[in-house]
Amino acid sequence: MLAAAVVAALAWVPATAAPDGGADGARWLADYEAPPKYPDVHIDWDVPLTMSDGTVLKANVYRPADARGPIADKTPTIVNITPYTKLFQMLIDSAIAMPVLYDALNRLLTLADFTTVGMSGLSDMGQNLPAGVARIFAGVDRKLIQSGYSVAVVDARGTGFSQGVWDVFGEREQLDAAEIVDWAGSQPWSTGDVGMTGTSYCAINQLHAAQKGPTALKAIFPIDAGNDLSHDIINTGGGFGVGFLAPWIAFVNTSKALPDLISMLTGTFDWRWLEDRVNNPFTMIDALLGYFFSATPELMPPATRDVLQSSSPRHKAWLGSGVDNITVPTFMVGSWFDLFAYSEVKAFEQIPLSSDKKKLMMGNGYHITPLSRHGEPGTPPRLDVLQRAWFDKWLKGIDNGIDRYDPFTLFQQGGGWTGGAAFPRPDAVHRRLYLSGVPSDTARFPVAHDGSLTAEPPTESRRLTVAPGLATICSRDSAQITAGITSVFDICAKDSRVAETSALTFTSPPVDQPTIISGPIALHLNTVHDTTDGYWTATVNDVAPDGTSTAITSGQLVSSMRTIDEAESTRSANGDYTDPYPTLAIEDRRPVVSGEPTVLDISMCATDAILKPGHRLRVDVFASNFPRGVPFGPTFVDSRLAPQHLQLDPDSPSYVNIPVGGSTRW
């Protein structure tokens, strides 16, 4: 019986599925590590690019070289567009280019393991280097260049040494991305075939460029790329992602003010650059301050309203530029707890390409640790190796088998790496599990309430109360919004029991067979408020027999921002939401009526997990989520951070709509 269940659970994985790529993967590694075709790299610093509106951007151009200088042959070109100054990325490249130092550090980090002291997340951070992420973050892979590619690293408008005002994923910046690609393809040293590389911001603008459809673009390799910034981090469910956004905005505004010292010494300083920085020193700071300190929507400054008003170009741009026009081969890499986890899978599914031309890899890490220990047995190849194979196929026409790599390579939480042709897994079917006040007797730590998850609605009414708190500082959501910084502590990132001291918990009976959870999840809550607003957060957890409670996904919603865009939402066959999509528009804000029931539908990130025999499923419900999200000014004022209530009513039950595969006994 157990063997049959295991076979059913793994039926999604075809016989040929191999996360490591099998024989093809071995070839990709051999090609990458082969002696270089060209012995050196030539660099042209601060090459000017003039955009269609006259703004001049600056690029560092890297080309293959021999003893005579840059080669005469044309090469495919790889573009990286960065807001973090190409100076910073040049320093990373320079460190990697020191072979003795880099190789020694690689070996050291491969051996590093802090699991025994409860800090395995620190080990995962160190694995970025051996996993090949550093070269892609730098935008400069010298092994790639020396195999016959040119690379252009460009400071985004208003950042680094480029002129203009930082547009933060706005329409002008998206147009820049397409123009930069066509510029690169038109250079005398380029074959006219362009790819794009980079992580995070430098990955998001790859999707933007591909959506614009520049003629020269032939392939992209985005790592940690979101396509719906509002729902991902800026205004998730109506809550501001303060744990990442505040320090990130400060960092970019600081780094963009670093001057080009060489140009000062050579008499070529760009005075237009200085004028632009003086006129616009603190991009988005006014919007940030208005978000926090405006007591009512009417008091919000224009910059803040531009983020929240549905008619504003900024709001539209941050909801996503779309991916339905992407026609170039796309290899997306992300992780279940990336900053952009909500939109990564959705964006991939919406790209209209066949499975040989688009691939998705989702790891179990965070923004700065998307994939660790790659290149080891049973794991996918290193990312620099995969990227080289992808570009060799689509920019050079080399038949290396990368197009036959599985469309979905996923780390199954609770299990390991798997490969297959579909996500969600075909045998996962959405069903309701109801929140019940009946004790499960599984909470080993104190919690706000220990309830149950049941197959049938509760038979008695009960009102449970949960208050805002700070326990979520020690949570997986905290690790997610800090890009993985707080994931170094296993007691927080890999066990929710500290955070659960501020939560209502609802736990299922144990499963007796391997049970799949695969796909998007939605939570339906019947709530009551003592004020006119509130803040709700929920996680779905895998609870081990020893009580360890590991979050596998999460979601949040400000009560007044509950208006759903039905056209963008999805439902399962049973009619329940699988992804209720809030508009997040300030004009759709609806304060609740104090003391009356208010139904909320909360979207949770799609995930892929397997519950082992003896494990349980748990839903945690919180009344706050710092630092993952904080209420904006009007919500803060209207909610008064008061306790909130969950009304468990047989006639209007609360439930989670969850995709389950396997026999659960529930």
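Biologist: Why is aspartate 441 called exposed?

Modeller: This is a predicted model, and in it aspartate 441 has 70% relative accessibility. Exposed means over 50%, so aspartate 441 counts as exposed. The residue sits in the loop between S13 and strand S14 (449-454), and its phi is near 60 degrees, a positive value in a residue other than glycine.

Biologist: And what makes leucine 584 count as buried?

Modeller: Its relative accessibility is 1%. Buried means under 20%, so leucine 584 counts as buried. Leucine 584 is in the loop between strand S21 (577-579) and strand S22 (597-611), with phi near 60 degrees, again positive in a non-glycine residue.

Biologist: Let's turn to helices. Why are H2 and H18 called roughly perpendicular?

Modeller: Helix H2 (residues 22-33) and helix H18 (residues 383-396) pack at about 90 degrees, their axes 9 Å apart. Roughly perpendicular covers 65 to 115 degrees, so the pair qualifies. On the H2 side, Trp28, Leu29, Asp31 and Tyr32 make the contact; H18 brings Asp384, Val385, Leu386, Arg388 and Ala389. By class, that contact has six nonpolar, three charged and no polar residues.

Biologist: How do you know that the length of H2 agrees with its twelve residues?

Modeller: At 1.5 Å a residue, H2 should span 16 Å, and its end C-alpha atoms are 17 Å apart, which agrees.

Biologist: Which residues of H2 are buried, and what puts them on the same side?

Modeller: Gly25, Trp28 and Tyr32 are the buried ones. They cover an arc of only 55 degrees around the axis, so they lie on the same side of H2. The buried residues of H2 pack against helix H6 (133-138), helix H7 (142-146) and H18.

Note on methods. Residues are numbered from 1 along each chain as its sequence is written. This is a predicted model: local features need pLDDT of at least 70, side-chain atom pairs count only at pLDDT 80 or more; totals for chains, interfaces and linings use all residues. Side-chain values use heavy atoms; hydrogens and water are left out. Axes are lines fitted to C-alpha atoms, for helices over the stretch in contact, and angles run from 0 to 180 degrees between N-to-C directions. Helices (H or I, at least four residues) and strands (E, at least two) are DSSP runs, numbered from the N terminus. Angles under 35 degrees count as roughly parallel, over 145 as roughly antiparallel, 65 to 115 as roughly perpendicular and the rest as oblique. Contact means heavy atoms within 4.5 Å. Ala, Val, Leu, Ile, Met, Phe, Trp, Tyr, Cys and Pro count as nonpolar, Asp, Glu, Lys and Arg as charged, and the others, Gly among them, as polar. The expected span of a helix is 1.5 Å times one less than its number of residues. Buried means under 20% relative accessible area, exposed over 50%, partly exposed in between (1.4 Å probe, protein chains only). The arc is that of the directions from the helix axis to the C-beta atoms.
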